[in-house]
Protein chains: 2
Amino acid sequence: MSGQVEWHNSPIGVFDSGVGGLTVAREIMRQLPNERIVYFGDTARVPYGSKSKETVTKFSRQIVHFLETQQVKAIVAACNTASAYALEELENEVDIPIIGVVKPGARAALAVTKNKKIGVVATEATINSGIYNRYIEENDKNVRIMGKACPLFVPLVEEGLWEDPVTDEIARRYLMELVDSGIDTLILGCTHYPMLRSTVAKIMGNGVTLVNPAYETARELKALLVDKGLESEHRPGLGTELYRFFVSDAADKFQRFANSILPYGILSAKVINIDEF
Amino acid sequence: MSGQVEWHNSPIGVFDSGVGGLTVAREIMRQLPNERIVYFGDTARVPYGSKSKETVTKFSRQIVHFLETQQVKAIVAACNTASAYALEELENEVDIPIIGVVKPGARAALAVTKNKKIGVVATEATINSGIYNRYIEENDKNVRIMGKACPLFVPLVEEGLWEDPVTDEIARRYLMELVDSGIDTLILGCTHYPMLRSTVAKIMGNGVTLVNPAYETARELKALLVDKGLESEHRPGLGTELYRFFVSDAADKFQRFANSILPYGILSAKVINIDEF
């Protein structure tokens with residue numbers, strides 16, 4: 001990286017397997033309103049949550065290479081599965097800072113828990129990776145962690161059933177063992193899950209604090225930019241494209257979903273061939 | 001193709017976006033017990049049902065190229081989305097015969113319907129392609145076709161909820177308009193859906209005949225092989241590998257699912273890098 005002068009007005013690269021990472025982009029927009037964002041959603045190969053470490057790492061590496069061509073100053077892996085499987089390898093391969101959503105979520109949960117029993121709901125891949133356990137145990141060996149994969153949550157969110165008796169019933173089945181386990185903190189370990197926040201909160205009850213890694217990740221990104229002297233000094237003027245969106249397939253559907261969760265309308269998402277990166 | 005003598009003992013290539021096409025492979029095993037099969041499931045990029053025509057065609061072309069390296073004598077696109085989006089283009093690109101699941105399903109429905117009202121349940125991509133409508137209308141302009149996308153059916157099947165109150169409720173919501181429309185025939189237009197046959201049958205009632213394109217496709221494949229003199233003359237002997245399975249990712253999960261629906265245990269599925277084809 002060749003000096004702050006050229007870089008502090010560069011955008012933040014944010015990527016996810018699809019639309020889920022938009023919940024992280026949304027938090028960055030709220031907490032860092034001066035920052036430009038280049039978002040990439042891998043809609044041609046979504047979902048990552050049921051795929052292997054090798055495949056998720058290969059896909060994530062291609063995306064990082066694409067984001068590098070967009071001159072981003074930092075990258076956020078706004079996908080728990082990519083953060084779990086690919087982040088450590090990619091950190092060693094590129095010069096710009098990369099942060100994921102797992103460490104910020106784990107740190108926030110550690111700060112919140114009183115009885116040292118933390119639950120994690122996530123995709124199969126994230127749960128199988130054991131990464132939340134690893135980060136949490138590195139910081140506090142006395143914490144008990146209970147993970148639960150919830151494979152139907154993503155399709156239910158994508159079908160729009162954010163509050164629905166069917167979603168209640170599926171959530172009840174997935175979460176009952178976590179309720180019984182006596183956790184006081186639950187990490188929403190997949191970027192789609194904040195959309196099910198009220199359903200999950202209702203089932204878990206008042207005694208359980210829900211941690212949204214999207215919020216924590218935006219906070220850590222802010223600290224990172226300050227630390228490295230990379231924050232944008234002022235809000236880009238009118239006429240500057242603040243947020244740009246790229247996908248690997250089917251931009252229409254992405255735009256519809258994005259417009260339902262983002263505070264700003266997306267004018268357009270551009271389709272690129274991610275295999276070339 | 002250089003003469004029947006070399007080809008009639010070659011395997012049939014069968015492909016799908018993932019595990020769904022195994023329902024078609026199963027029918028081929030039943031109806032054509034002398035035939036060897038090379039199956040490819042694109043588990044790294046599954047599902048296809050929410051992706052664009054361009055992407056599905058590109059993925060299908062790579063798979064056809066891979067199957068050619070396996071010296072197959074015919075190819076079955078055991079995926080409604082691939083059949084809908086990619087088949088016509090690929091038919092023109094390769095020398096070996098390729099059949100899909102859409103035409104056989106459409107033909108069977110035409111043979112069954114009495115009131116000339118046919119329903120189709122399928123993925124978003126298959127419904128949006130309008131391909132069932134096109135095939136059916138080409139044969140009979142007086143038939144009315146009602147299509148309905150059921151995006152949660154595939155994740156429900158993959159989660160194992162084949163018979164479950166939640167699946168009943170979701171199916172009821174998806175199917176109610178088809179019940180009200182007075183169709184007498186319903187095409188199960190996605191290879192996962194035969195696993196929900198009893199749920200769908202219960203909701204549609206006795207007056208509606210369910211068409212399983214997997215069954216019809218195996219019948220058409222048989223006719224095609226006979227027509228071209230390509231049938232295997234006898235069951236391959238012991239020691240011959242009758243069925244081989246390849247996937248683009250995560251062979252374990254594929255094997256578990258395959259073993260739950262196939263009459264034969266799968267000894268192993270090999271992971272290949274499909275991007276190279």
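**Exercises on a predicted two-chain model**

**Exercise 1. Determine how many residues of chain A are in contact with chain B, and describe that side of chain A.**

Solution. Contact joins 17 residues of chain A to 17 residues of chain B. The structure is a predicted model. On the side of chain A that touches chain B, helix α10 (residues 165-181) of chain A gives the largest share, 3 residues. Sorted by class, the residues of this side are 7 nonpolar, 3 polar and 7 charged.

**Exercise 2. Describe the crossing of α10(B) and α11(B): is it left-handed or right-handed?**

Solution. Two numbers are needed, because two packed helices are described by the angle between their axes and the distance between the axes. The axes of helix α10 (residues 165-181) and helix α11 (residues 197-204) of chain B come within 9 Å and cross at roughly 45 degrees. That angle makes α10(B) oblique to α11(B). The crossing is right-handed. On the α10(B) side the residues that meet α11(B) are T167(B), D168(B), A171(B), R172(B), L175(B) and V179(B). On the α11(B) side they are T199(B), V200(B), I203(B) and M204(B). This contact has 6 nonpolar, 2 polar and 2 charged residues.

**Exercise 3. Give the strand order of the open sheet in chain A, identify its edges, and place the helices that pack on it.**

Solution. Step 1: the order of the 6 strands is β4-β3-β1-β2-β9-β10, with parallel pairing. Step 2: β4 (98-100) and β10 (269-271) of chain A each have a single partner strand, so they stand at the edges and one side of each lacks a neighbour in the sheet. Step 3: from one strand to the next the twist averages 20 degrees. Step 4: β3 (residues 74-77) of chain A is joined to β4(A) by 3 bridges, and V76(A) stands opposite I99(A) in β4(A). Step 5: helix α2 (residues 22-31) of chain A packs on the sheet and touches β1 (12-16), β2 (37-41) and β3 of chain A, its direction making about 155 degrees with that of β1(A). Step 6: helix α3 (residues 53-69) of chain A also touches β1, β2 and β3 of chain A, and its direction makes about 150 degrees with that of β2(A).

Conventions: Residues are numbered from 1 along each chain as its sequence is written. Chains are lettered from A and ligands numbered from 1 in the order in which they are written. This is a predicted model: local features need pLDDT of at least 70, side-chain atom pairs count only at pLDDT 80 or more; totals for chains, interfaces and linings use all residues. Two residues are in contact if their C-beta atoms, placed from the backbone, lie within 7 Å. Helices (H or I, at least four residues) and strands (E, at least two) are DSSP runs, numbered from the N terminus. Ala, Val, Leu, Ile, Met, Phe, Trp, Tyr, Cys and Pro count as nonpolar, Asp, Glu, Lys and Arg as charged, and the others, Gly among them, as polar. Axes are lines fitted to C-alpha atoms, for helices over the stretch in contact, and angles run from 0 to 180 degrees between N-to-C directions. Angles under 35 degrees count as roughly parallel, over 145 as roughly antiparallel, 65 to 115 as roughly perpendicular and the rest as oblique. A crossing is left-handed if the near helix is turned anticlockwise from the far one by less than a right angle, and right-handed if clockwise. Two strands pair if DSSP finds at least two bridges between them.
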